[in-house]
Amino acid sequence: MPAPTAPVHPSSGHSRSDQAFLRRPQTLSQHRRTLSRRSAFGLLTSIMLMLLASSSAPTPLYATYQAQWGFSAITITVIFGVYAVAVLISLLVFGSLSDHVGRRPVLIAGLVMQSAVMALFAFAGDVDVLLLARVLQGIATGLAVGAIGAALVDLHPGHGPVANAAGAMGGTASGALASALFVALLPSPTRLVYLVLLVLFVLQAVGVALMAETSARTPGALAALRPAIAIPSQVRSTLAVAAPSLVAVWALGGFYLSLGPSLAARVAGTHSAILAGAAVFVLAGSGALTVVALRTVRARTLSIAGSTLVVAGVPIVLVAASSRSLALFFIGTAVAGAGFGGGFQGGLRTILALAGPAERAGVISVAYIICYLALGLPAILAGVLVVDSTVLQTAREFGVAVIVLAGLTAGGMTLGAVRARTHRPAACTATR
């Protein structure tokens with residue numbers, strides 16, 4: 001079922017949940033000075049943004065690494081693949097840990113680890129160190145994202161899912177473009193971008209230390225470390241409805257992370273780091289704007305619209321790749337990106353509406369497991385296929401698969417919505 005929309009008070013223009021948020025005490029602890037709830041919410045959103053930015057930052061740098069170290073195209077696929085696998089393993093092991101030990105310890109550990117990983121990236125001297133850095137980055141990201149998402153919902157149940165989706169989309173967009181600009185305009189791009197991220201992660205860790213804890217500790221921390229996918233009973237049927245939307249739009253993300261820069265280069269007729277970053281930036285940036293603009297739309301409606309926009313946008317991209325039209329390429333990317341953001345936010349809101357406070361981190365981690373499987377597996381497959389085929393042919397095959405998946409998702413969810421509306425009056429009549 002879609003997340004309920006809080007009613008708006010006519011005199012203030014704020015929803016009741018917003019007014020409650022504004023009326024809450026500005027500190028959550030009487031024993032030490034802490035950040036206000038509003039500041040904590042902003043900090044957590046920025047951490048989500050920076051985590052995803054750091055994960056997409058290496059993408060525009062792969063051509064530079066390849067020129068320096070002379071590895072093959074398939075190695076790039078391996079570098080991406082180990083990151084996705086590491087995130088999945090980390091989510092399985094640490095996904096619900098913050099439901100037991102609190103959000104702050106898990107977040108601080110994740111940020112400290114991310115800081116160390118940025119130093120490893122900055123001083124990597126060969127592809128083996130790069131692979132190690134990507135594995136550790138995946139573990140740190142998986143450790144942190146569940147705790148961030150749950151803490152955002154702890155602080156504001158209404159805006160938390162929106163901040164989750166917008167932070168993830170905005171981070172992916174800004175990381176790719178910022179890294180590309182570093183490559184094109186600044187010296188030592190393979191070091192400087194990571195050193196800037198290192199400083200930001202250290203500052204964010206300090207900020208988390210100043211936050212009040214948003215979740216009570218509960219027993220079972222050691223048991224929670226056993227790899228498992230724990231889905232509360234009240235969430236299971238809703239997850240089954242929302243999961244196809246998440247899979248469809250994150251498969252599109254895998255399409256762009258694996259083939260987007262190469263397609264942009266083919267369309268433009270030149271290899272440019274800025275162009276490679278711009279392709280991912282337009283996709284994820286359009287998604288972030290959609291998340292914010294459509295935050296009050298019903299979750300199921302948003303999921304259907306997201307999948308439909310993917311179906312509309314990907315064919316435009318494929319036509320642009322064949323005709324070498326750069327303008328058409330970015331138009332199609334923006335349309336598909338709007339679908340990415342809509343489908344992601346709709347899926348998250350549908351799931352999180354039913355999760356209790358002590359279940360939020362685990363439920364968010366399950367959602368990200370679904371997302372990273374949909375992102376990683378197709379991207380790895382595309383990287384393998386492109387070795388024995390052309391970029392355009394692989395893009396066509398991958399794109400058609402994404403279109404079919406998104407179309408089936410939109411059709412299935414629309415049919416489910418129609419059935420729900422049809423049965424509701426009958427149920428009401430039967431109770432009268």
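Two rings of Phe, Tyr or Trp (its six-membered ring) are called a pair if their centres lie within 6.5 Å; planes under 30 degrees apart count as stacked, those over 60 as edge-to-face, and the rest as tilted. By this rule, the structure holds eleven aromatic pairs. The structure is a predicted model, in which local features need pLDDT of at least 70 and side-chain atom pairs count only at pLDDT 80 or more, while totals for chains, interfaces and linings use all residues. Residues are numbered from 1 along each chain as its sequence is written, and side-chain values use heavy atoms, with hydrogens and water left out.

The chain contains 16 helices and zero strands, where helices (H or I, at least four residues) and strands (E, at least two) are DSSP runs numbered from the N terminus. Of its 432 residues, 52% count as buried; buried means under 20% relative accessible area, exposed means over 50%, and partly exposed lies in between (1.4 Å probe, protein chains only). The accessible surface of the chain comes to about 17,600 Å², and 69% of it belongs to carbon and sulfur atoms; such areas come from the Shrake-Rupley method with a 1.4 Å probe, and for residues only the protein chains shown count as cover. A contact means heavy atoms within 4.5 Å. Among contacts in the chain with a separation of 6 or more, 84% are between residues 24 or more positions apart.

The interior comes next. In soluble globular proteins, nonpolar side chains tend to be buried together. Here, the largest nonpolar core has 111 residues, and Leu252, Phe329 and Phe344 have the most contacts inside it. Helix H11 (residues 233–268) supplies the largest share of this core, 16 residues. A nonpolar core is a set of buried Ala, Val, Leu, Ile, Met, Phe, Trp, Tyr and Cys residues joined through side-chain atoms within 4.5 Å.

Because phenylalanine 344 lies in helix H14 (residues 326–352) and tyrosine 368 in helix H15 (residues 360–385), the pair ties together parts that are 24 residues apart in sequence. Phenylalanine 344 and tyrosine 368 are both buried. Leaving aside neighbours within four places in sequence, phenylalanine 344 is in contact with Ala165, Ala168, Met169, Leu246, Val249, Trp250, Tyr368 and Cys371. Ring pairs also link Tyr83, Trp250, Phe340, Phe344, Tyr368 and Tyr372 into a cluster.

Side chains of opposite charge can pair when their charged atoms come close. A search of the whole structure finds two salt bridges, each being a side-chain nitrogen of Lys or Arg within 4 Å of a carboxyl oxygen of Asp or Glu. One joins aspartate 99 to arginine 103 (2.8 Å, N to O). Aspartate 99 is buried at 3% relative accessible area, and arginine 103 is buried at 0%. The other joins aspartate 154 to arginine 103 (2.8 Å, N to O). This pair connects distant parts of the chain, with aspartate 154 in helix H7 (residues 127–155) and arginine 103 in helix H6 (residues 103–122), 51 residues apart. Aspartate 154 is buried too, at 12%. Through shared partners, salt bridges join Asp99, Arg103 and Asp154 into one network.

H2 is mostly covered, with 14 of its 20 residues buried. Methionine 50 belongs to H2 and counts as buried at 13% relative accessibility. Not counting residues up to four places away in sequence, methionine 50 touches Leu197, Leu200, Phe201 and Gln204.
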